[in-house]
Amino acid sequence: GGGGGSRCVHPAILSVLRDVLLGTATDSAQGAAARLLEQLLTSSRRARQMFLTREAGGAEALLAACRNATAGGSEAAAVAARMLQRLCGGDAPEEDEESPQSADSA
């Protein structure tokens, strides 16, 4: 498939993006981090598995970004909220290289 970029996701990249969301970076930097995370998490099951664990703290970072929306409605907050809705609603595409589940067989 066309998910070549998602195959290169390294935990350190996800950690840096999480730190940008949780840190005191500018709104534009946090927005950019949120957009990158959205692209990675909605296209890669592996990225979701690495980022959304309790140990990784990714879910906490997304929730923190959403909470920061009350302070000024930043782009990162809007992207994080949209991403959480997609991921929790099951709308995330399963285009990752590791998709052996064939539950569609009727």
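At 0% relative accessibility, Leu37 counts as buried (buried means under 20% relative accessible area, exposed over 50% and partly exposed in between, using a 1.4 Å probe and protein chains only). This is a predicted model, in which local features need pLDDT of at least 70 and side-chain atom pairs count only at pLDDT 80 or more, while totals for chains, interfaces and linings use all residues. Residues are numbered from 1 along each chain as its sequence is written, and side-chain values use heavy atoms, with hydrogens and water left out.

Leu37 sits in helix α2 (helices are DSSP runs of H or I with at least four residues, strands are runs of E with at least two, and both are numbered from the N terminus). Setting aside residues up to four places away in sequence, Leu37 touches Leu14, Leu17, Leu21, Thr42, Phe51 and Met83, where contact means heavy atoms within 4.5 Å. Ala47 lies ten residues from Leu37 along the chain, and the C-alpha atoms of the two are separated by 9.0 Å.

Zooming out, the protein has six helices and zero strands, so its elements read α-α-α-α-α-α from the N terminus on. Of its 106 residues, 36% are buried. Among contacts with a separation of 6 or more, 60% link residues 24 or more positions apart.

As for Leu41, once its neighbours within four places in sequence are left out, its contacts are Ala47, Arg48, Phe51, Leu62, Met83 and Leu87.

How do two of the helices pack? The axes of α1 and α4 are 9 Å apart, at an angle of about 30 degrees (axes are lines fitted to C-alpha atoms, for helices over the stretch in contact, and angles run from 0 to 180 degrees between N-to-C directions). That makes α1 roughly parallel to α4, since angles under 35 degrees count as roughly parallel, over 145 as roughly antiparallel, 65 to 115 as roughly perpendicular and the rest as oblique. On the α1 side, the contact is made by Arg18, Leu21 and Leu22, and on the α4 side by Gly58, Glu60, Ala61, Leu62, Ala64 and Ala65. The crossing of α1 past α4 is left-handed, meaning that the near helix is turned anticlockwise from the far one by less than a right angle (clockwise would be right-handed).

Ser28 also belongs to helix α2, but with 54% relative accessibility Ser28 counts as exposed. In sequence, Ser28 and Ser74 are 46 residues apart, yet in space their C-alpha atoms are 8.7 Å apart.

That leaves the cysteines. How many disulfides does a search of the whole structure find? The count is zero, a disulfide being a pair of cysteine sulfur atoms within 2.5 Å. For Cys66, the closest cysteine sulfur is in Cys88, 9.8 Å away, which is too far for a bond. Cys66 is partly exposed, at a relative accessible area of 22%, whereas Cys88 counts as exposed, at 70% relative accessibility.
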